[in-house]
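Me: I'm new to this one. Could you show me the structure and walk me through how its helices pack?

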Amino acid sequence: MTVAEAVTTSDRAAHQAGGGGDRRTKRAWKVSPLILAFVFVPFVVEAVWVFWPAMQGFWLALTKWDGLSAPTFVGLGNFKDMVSDPIFKTALKNTAIWLVLFGGLSVIGGFGMALLLQRERRGVGIYRAALFTPVVFSLVVTALIWRVFYQPDGLVDSVLRGVGLGDFIRPWLADPDTALYAVILPALWRQIGYVMVLYLAGLKAVDPALYEAAKVDGASAWQRTLYVTIPQLKGVNSVVLSVIVIDSLRSFDIVWSMTKGGPYHSSELLSTYMYSTAFQSTQLGYASAIAVVIFILALAVILGYLIRAFKEES
Amino acid sequence: MNRLRTAGYHLSMSVVSFLWIAPILWVIVISFRSFDDVAANGLGSLPHSFTFSTYKQAWEDADEFRALINSLLVTIPAVLLSLGLASIAAYGLARYNIPFRRTVLLLMLMGNLLPPQILLIPISRFVELIGYYDTLIALIAVHVGFGLGFYTFVLHGFMRDLPREIQEAATIDGAGPGRIYSSVILPLTRPAMAALGALSFTWIFNDLLWSITVIRSGEKMPVTPALLGLQGLFVSSWNVIAAGTVIAAVPTVAVFLRFQKHFVGGLAIGAVK
């Protein structure tokens, strides 16, 4: 507290003296060797564990490699193979379904819950905590919780039988028609609370005077949401969009722990297909090429995120 | 009318909240049921027994105790190292006129945004090459390397906004760059560090992909991947698996409850800027 106070006072004094205006543009401090090391060491750590492997990954995508002999260069051969690979096509289609359903529904659900729970009133804290709890769990824990649920004669089946829908019962995770959706559900259960928190933070930052003004002008609650809240949330929306797309393309844990992409690749995503190609059938070149496809799909979002970050910087 | 609406609101929100945590409660209930009970009445029925033996089995027979220790041996050093490295990098980049500082910052952030799949094969090979395959040290290094970019970016945002005058004052008082970092800048970024600490703890603790990529032997597995092995060990003993799941979830729930404010604040860091 005292530090913060001291800071604001000295700040004000500087402003009065006319010297506070350029504190962001001018960095007069000399760069000492220590400071260079401060930046250099972490940068090198990241270079060794991220930049260098990433470059190798891109190069491996152009090779055929079984991990034993030396990789042989095949150019774009791996990418040509993908076109005629039915499993790759399934994985690509499922990744698209995943993006739309997992991404879309978690935005709708998270935003809806944030609207419902934005006003500070009695009980709201408990509701928020309930929705947020699954976010704390690992996806493996989430997967196991839901596997218990989906077991034959588990709670899902008992409830269905109880309400007379016993005919619908099936081995949810072992049926190729339902496996993908049976995995999306737990993933959503965990993601909605996360998106809700992002939107709650965004809603808090909206100026209440705007609502007052709209109210005075006779706007209904629905109109206020549509014409005041949503346009004010532009920044949050773009963050949520990037988070959702990056999360969807990275999704691996939940599928791997529930179905491993099966049965018959019916719940295969690009990420799980990449992993099993790499570490189970050791086609390391082809697996790298799948990873490059994931990267390309994520690229637009990554660039958007970086451009925004860049703008903030300048 | 208004009171009715309030009652309706609370009723529906209570139902939603209850449904939301129902799966968790259900698994906790199952974890205390005996094998005979589950076998006789099915997983969907209400409990007819109460036992702690499931926890004993998961803890001792499946050696979740060791798995938890492994998790902590990886998570704690990885969190400390990555936050330490990220904070010195952010300090240098935010407070000094380092050449190409913006490029360096964006490169580091970009590294974190890469899909991890692109790194899996090269990293598993690299770790093998330097003789650290199947060691916890390799796992720590991977987590530190991959997380650094994001932590640096967030901390940079905080440090950049600290007023220039405090640093000037410290310089006049004769403090060098290292001193300014440790006794002026670092204490002021404590809220951000706490938020990132809580977040990164759960991220690293909850990781599956990197663990199964760089670690092979069962006795070195952290608890998150070890949980998957439990399924093979106790086929269809869902009460023991449920107990194991509860055990594996406890540490992150504890961190969340202890650092609730920081945690939620941390998640929202990116949202409002």
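**How the helices pack**

Reply: H4(B) and H12(B) are roughly antiparallel to each other, because their angle falls in the range over 145 degrees. This is a predicted model, in which local features need pLDDT of at least 70, side-chain atom pairs count only at pLDDT 80 or more, and totals for chains, interfaces and linings use all residues. Residues are numbered from 1 along each chain as its sequence is written, chains are lettered from A and ligands numbered from 1 in the order written, and side-chain values use heavy atoms, without hydrogens and water.

Me: What is the angle between H4(B) and H12(B)?

Reply: Helix H4 (residues 64–95) and helix H12 (residues 223–233), both of chain B, pack at about 155°, with axes 8 Å apart. Axes are lines fitted to C-alpha atoms over the stretch in contact, and angles run from 0 to 180 degrees between N-to-C directions. Helices are DSSP runs (H or I, at least four residues).

Me: Which residues of H4(B) and H12(B) make the contact?

Reply: B:Glu64, B:Ala67, B:Leu68 and B:Ser71 of H4(B) meet B:Val223, B:Thr224, B:Ala226 and B:Leu227 of H12(B), where contact means heavy atoms within 4.5 Å. By class, there are 5 nonpolar, 2 polar and 1 charged residues.

Me: Why are H1(B) and H13(B) called oblique?

Reply: H1(B) and helix H13 (residues 238–258) of chain B pack at about 120°, with axes 7 Å apart. Under 35 degrees counts as roughly parallel, over 145 as roughly antiparallel, 65 to 115 as roughly perpendicular and the rest as oblique, so H1(B) and H13(B) are oblique to each other. Among the residues in contact are B:Val27 and B:Ile28 of H1(B) and B:Trp238 of H13(B).

Me: What makes H5(A) roughly parallel to H1(B)?

Reply: Helix H5 (residues 124–136) of chain A and helix H1 (residues 2–31) of chain B pack at about 30°, with axes 9 Å apart. That angle makes H5(A) roughly parallel to H1(B). Their contact includes A:Tyr127 of H5(A) and B:Trp20 of H1(B), and its residues divide into 11 nonpolar, 4 polar and no charged.

Me: How many salt bridges are there between chain A and chain B?

Reply: The count is 0; a salt bridge needs a side-chain nitrogen of Lys or Arg within 4 Å of a carboxyl oxygen of Asp or Glu. Still, 102 residues of chain A are in contact with 102 residues of chain B.

Definitions and conventions. Helices (H or I, at least four residues) and strands (E, at least two) are DSSP runs, numbered from the N terminus. Ala, Val, Leu, Ile, Met, Phe, Trp, Tyr, Cys and Pro count as nonpolar, Asp, Glu, Lys and Arg as charged, and the others, Gly among them, as polar.
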